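Here is a short briefing on the chain and its ligand site. Read it alongside the sequence and the coordinates.

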Amino acid sequence: MEKQPAKINYFFGKCYRDLGNTIKNTFRNLGRSLANCGRHLGKIIREKKFLNPIGAIKFGYWLALLILSSIISTVICIFFSAIHVVVTLLIMGLIYLGFSFLWLLDTILCRFRKIVSSCPQCQYKFALPYYQCPGCGAIHTKLNPSKYGILKRQCNCGRKLPTTFFNGRQKLTAICPKCNNVLSGGGFLVNISIPVLGGPSSGKTCYVNMAIREIEQLAKNELDYDYEHIEQGTDYLNDNLREMAQGRLPQKTSEMRLMYYEFYFSPKKSKVRNQISLCDVGGEVYGVGTGMDEQVGYNYANGFLMVIDPLSIPTFRDQLMTEAGMDEAAIAEFHPSEMPISEIMGMLIKLLENMRNMSSKQRITQKLAIVFVKGDLPLIDEKIGETAVKDLLAADTQANRFSAQNKLCEQFLLENDQADFINTVKSRFDNVQYFTCSALGHVVDGSAFTPEGVADPILWLIDKASPTINFKKYWSK
Ligand SMILES: Nc1nc2c(ncn2[C@@H]2O[C@H](COP(=O)(O)OP(=O)(O)OP(=O)(O)O)[C@@H](O)[C@H]2O)c(=O)[nH]1
Ligand SMILES: [Mg+2]
Ligand SMILES: [Zn+2]
Ligand SMILES: [Zn+2]
């Protein structure tokens, strides 16, 4: 174990030395008293004092003492030293047992509850962050039950620090082991991170911000969940929502690294909180040669959410003009995305293959939500939106919402020459769910936006990723 800025616990260090010293001193004293007898005897012999009666008595006395000391005292010393050793070992055994038990309990709690923190700065994930001593600022790189202390350890500055989540380790300042960024939640949380994929202007930022707004409302009004936005300057949530509340659009995302929108979202009275990270990014990263390889956030994802701007599908764009009578100016109001969806999917898969050393046959176990956004476009509602789903459910009693939505969206993509995309998704992802939504509800017209169905894809991904979250009741509504 890496050296910690703390004192080694008595039972793991000094205790052995004390035991050794006590035994050494006992035998040293015995040796001294034997030597003393020997000295007296030697003197009597040298000076031939044993020839007179008093000298003979003294000689007898020291001789008897020497013999008794060598036998009885040695036996007593050995006996009591043995007792000392046994008692000390027993106490140490108990302490080690307690230590192992606590260490195991702490480890099991972390594994079982899937406790993991994520750093919004360097994108790494880890079970145990570094902790900072509130007394002196020293960094404890492995604050768990160890030779430095079982329930608590004493920092070199004298401050006692808790070493498990049972007794408050999470109240200390937690620090990212990779980049030293200060983390929220003290490391006692289940992070669920979801990168949001989509080309430039596909609607990621509108979607992420509106979805968070919707999730906050659902938490309060419907789900009875605790929701709290984590303010750490890694997102533009408040700015974007303020703008969008007034019918204005959020700015284009210029960041080419994943931007973490984070919030706590947990059933009320949960001991361990869920921390959800939705990761937005400038859509240009999904183009060629943009250094995505360094962004480990994709590798650590619990699920992926891909937004599809229907306008990025050329045949559908043509349909809007021929069937819905839209002209270029009307289409431009939706700020169409140009990047082909199969290119974006190909980019993600290549990235994961590189990061995980995966072959092209291996499957990706993380769930994938594919979300058609800009659902307020003409034709969407009747082809893949709420109306289409309802019609299909009315016609097919075997289908449920999810299967109906999948069927409709796959059919839509096939009809629009996107078979490659569907095949790639099917051959690489274990669990895929399609959704349709509208983050804004309408194009900019000065009125407040009216999002539709934005929370569901994220709730679905969270539901699948978290052992403690189950939205069965919500889905059955
Ligand atoms: N009508 C309508 N327009 C939308 C909707 N969502 C997004 N848009 C339009 O699409 C544009 C781009 O949306 P953004 O969310 O900024 O797109 P982005 O994917 O974040 O783009 P980058 O930041 O460039 O990667 C917006 O400015 C809106 O004009 C929607 O639900 N309805
Ligand atoms: Mg954006
Ligand atoms: Zn970090
Ligand atoms: Zn300290």
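Helix α4 covers residues 237-245, and its buried residues are Leu237, Asn240 and Met244. Viewed down the axis of α4, these buried residues fall within an arc of 70°, so they line one face of the helix. The model is a predicted one.

**Helix α4 and its surroundings**

- The face of α4 turned away from the buried side carries exposed residues: Asn238, Asp239, Arg242 and Ala245.
- Gly247 follows α4 and has a positive phi, near 80°.

- Is β11 mostly covered or mostly open? Of the 9 residues in β11, 7 are buried, and the strand is mostly covered.
- β10 and β11 run antiparallel and are joined by 5 bridges.
- Glu228 stands opposite Tyr264, a residue of β11.
- β11 also pairs with β12 (residues 273-280) in the antiparallel sense, over 6 bridges.
- Across that pairing, Glu262 stands opposite Ser277 of β12.
- The hairpin of β11 and β12 has 5 residues between the strands. In this hairpin, Lys269 takes a positive phi near 65°.

**Ligand 1**

- How many residues surround ligand 1? The shell holds 24 residues.
- By class, the shell around ligand 1 divides into 9 nonpolar, 11 polar and 4 charged residues.

**Nonpolar cores**

- The largest nonpolar core has 85 residues. Those with the most contacts inside this core are Ile194, Leu305, Met306, Val371 and Ile458.
- Helix α3 supplies the largest share of this core, with 9 residues.
- Another core lies apart from the largest one and has 13 residues, including Tyr130, Tyr131, Cys133 and Tyr148.
- Which residues does Leu305 touch, leaving out those up to four places away in sequence? They are Ile194, Val196, Leu197, Ala369, Val371, Pro457, Ile458 and Leu461.

**The sheet with β8**

- An open sheet is formed by 4 strands in the order β4-β3-β7-β8, with antiparallel pairing.
- β4 (139-140) and β8 stand at the edges with a single partner strand each, so one side of each is left without a neighbour in the sheet.
- Strand β7 (residues 173-175) pairs with β8 in the antiparallel sense, over 2 bridges.
- Ala174 has Leu183 in β8 as its bridge partner.

**Val182**

- Val182 lies in strand β8, which spans residues 182-183.
- Why does Val182 count as partly exposed? It has 13 other C-beta atoms within 10 Å, whereas a residue is buried at 20 or more and exposed at 12 or fewer.
- Val182 touches Thr173 and Ile175, not counting residues up to four places away in sequence.
- Val182 and Gln4 are 178 residues apart in sequence. Their C-alpha to C-alpha separation in space is 19 Å.

Methods: Residues are numbered from 1 along each chain as its sequence is written. Chains are lettered from A and ligands numbered from 1 in the order in which they are written. This is a predicted model: local features need pLDDT of at least 70, side-chain atom pairs count only at pLDDT 80 or more; totals for chains, interfaces and linings use all residues. The arc is that of the directions from the helix axis to the C-beta atoms. A residue is near a molecule or strand if its C-beta atom, placed from the backbone, lies within 6 Å of it. Ala, Val, Leu, Ile, Met, Phe, Trp, Tyr, Cys and Pro count as nonpolar, Asp, Glu, Lys and Arg as charged, and the others, Gly among them, as polar. A nonpolar core is a set of buried Ala, Val, Leu, Ile, Met, Phe, Trp, Tyr and Cys residues joined through C-beta atoms within 7 Å. Two residues are in contact if their C-beta atoms, placed from the backbone, lie within 7 Å. Two strands pair if DSSP finds at least two bridges between them.
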